[in-house]
Amino acid sequence: MPDSSLPDYSFCKGSPAFEGLSDAEIGGILATAKPLEVSGGEELFRQGDPGGTMYVITRGRVRVLLEEDDGEQTLLNVLDRGAHFGELSMLIGSPRNATVAAVVDTELLVLSHEQFAEAVERVPQFAVNLSRTLGRWLRGELLGRRQQVIRSVFGIVQSRDEHAALAAQMVERFQRRGARIKVVTHRPQAWPAGQVLGELRADQDTERLRDQIADAVTQGNRVLIDCDVAMADPALLSQCEHLLWLFDNRDESVPESRLGALVRNHERFAGHSQVVWTHERSDRLPRRQAHDLPLPTSDMRVQWTRGPDGARFRDHDVARCIHCVDGLVFGLALGGGGAKGMAHLGVLEVLSREGIFFDSVAGTSAGAIMSAGYAIGGDGEH
């Protein structure tokens, strides 16, 4: 029977560095490693820094960035639970070849140069695995390959019952694109049983949920944290790479809300959070609400309708919310041409029918008129 008092390193089994190693060998390598916790956005090291440590992620995610000569950064990869990095500098005696920063609150194990050398000598297969990893990385560099990077964990925080519809519509749209979605939610009865990763309850310890999220991401899933504002737990939401906070357009209490408190007391939440103002479509001239929270992203405004099956958000707005989660912006510019500008109506109708929607629109002459109509939610018929 396994000794439950010993650390569980089973999450490392899928890592190339520990491939083929026994539990005892993995435990022997990591037992002396120093634990480290970093906040979302914090850098572990920068490209060009001296290298003397190897890291293994036990919870959370980190972003690997290449610093270009012009000062721009290229995103190379996002690493999650069980992944390792930093060993290249020790293997070839070079400075750090990339900048690494935590995407969300992250926990790691750190092997010093001495501990690394001892592990390589004691477990030869560990050295072989690292050499293979280095070879794969070099091949990728020579061939110009880059990993496709997605935001794996996102959250939707609701302040009224109708907001629950947005989460379901976003998941449906993600699934049509082939994504596998798991949900952590306060309302498990609203989701298919096989989709629910965990249930949110008041005053619970979220450590187990955070481990489940980490494992789900490692297995290739995206995870949605679906909760109302009363269940917005900082420890759990710290695992999100993007947070959509839904407020009614008549709500004047955003600075005093749960979001306001988190931004004031946990500065890192500001970088991941975005306010989404909602209003019912029948409200033809919705009040334009605002706030003074220091959030880096612009507020969004979306609308919903009430039908026999409950609230439903516009497909256009669902797509825009997904673009925000994915860190994408789609723009469209429409030219002029007098009566020919009417042809834009047909183009917009076909694009909408194919599920292609835009976040920003612009135009000249007749194109400007069509762009304005599109921006306020009009369609070809109206």
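1. Phe18, Phe116 and Phe126 form one aromatic cluster. The model is a predicted one, and eight aromatic pairs are found in the structure. One of these joins phenylalanine 116 and phenylalanine 126 in an edge-to-face arrangement, with 6.3 Å from centre to centre and 65 degrees between the planes. Because phenylalanine 116 belongs to helix α3 (residues 113-122) and phenylalanine 126 to helix α4 (residues 124-142), this pair ties together parts that are ten residues apart in sequence.

2. Both partners of that pair lie under the 20% limit of relative accessible area that defines a buried residue: phenylalanine 116 is buried with a value of 6%, and phenylalanine 126 is buried with a value of 0%.

3. A further pair is made by phenylalanine 45 and tyrosine 55, whose ring centres are 5.9 Å apart and whose planes stand at 40 degrees, so the pair is tilted. Since phenylalanine 45 is in strand β2 and tyrosine 55 is in strand β3 (residues 53-59), the contact ties together parts that are ten residues apart in sequence. Phenylalanine 45 and tyrosine 55 are both buried, and the charged end of arginine 96 sits over the ring of phenylalanine 45, at 4.1 Å from the centre of that ring.

4. Strand β2 also takes part in an open sheet of four strands, ordered β2-β7-β4-β5 and paired in antiparallel fashion. The edges are held by β2 (43-45) and β5 (73-79), each of which has a single partner strand, so one side of each is left without a neighbour in the sheet. On average, and with direction ignored, neighbouring strands of this sheet are turned by 30 degrees against each other. Within the sheet, β4 (residues 62-67) and β7 (residues 99-102) run antiparallel and are joined by four bridges, and leucine 65 has threonine 99 in β7 as its bridge partner.

5. The largest nonpolar core comprises 30 residues, and those with the most contacts inside it are Val184, Ile213, Ile225, Leu237 and Trp245. At least two residues each are supplied by several elements, including β9 (153-158), β12 (222-228), β13 (242-248) and α8 (258-265), while the largest share, four residues, comes from α6. Leaving aside residues up to four places away in sequence, valine 184 touches, among others, Leu197, Leu209, Ile213, Val223, Ile225 and Leu236.

6. Apart from this core lies another, of 24 residues, which include Val171, Val276, Val318 and Val325. In soluble globular proteins, nonpolar side chains tend to be buried together.

Note on methods. Residues are numbered from 1 along each chain as its sequence is written. This is a predicted model: local features need pLDDT of at least 70, side-chain atom pairs count only at pLDDT 80 or more; totals for chains, interfaces and linings use all residues. Side-chain values use heavy atoms; hydrogens and water are left out. Two strands pair if DSSP finds at least two bridges between them. Axes are lines fitted to C-alpha atoms, for helices over the stretch in contact, and angles run from 0 to 180 degrees between N-to-C directions. A nonpolar core is a set of buried Ala, Val, Leu, Ile, Met, Phe, Trp, Tyr and Cys residues joined through side-chain atoms within 4.5 Å. Buried means under 20% relative accessible area, exposed over 50%, partly exposed in between (1.4 Å probe, protein chains only). Contact means heavy atoms within 4.5 Å. Rings of Phe, Tyr and Trp (its six-membered ring) pair if their centres lie within 6.5 Å; planes under 30 degrees apart count as stacked, over 60 as edge-to-face and the rest as tilted. A charge sits over a ring if NZ of Lys or CZ of Arg is within 6 Å of the ring centre and within 35 degrees of the ring normal.
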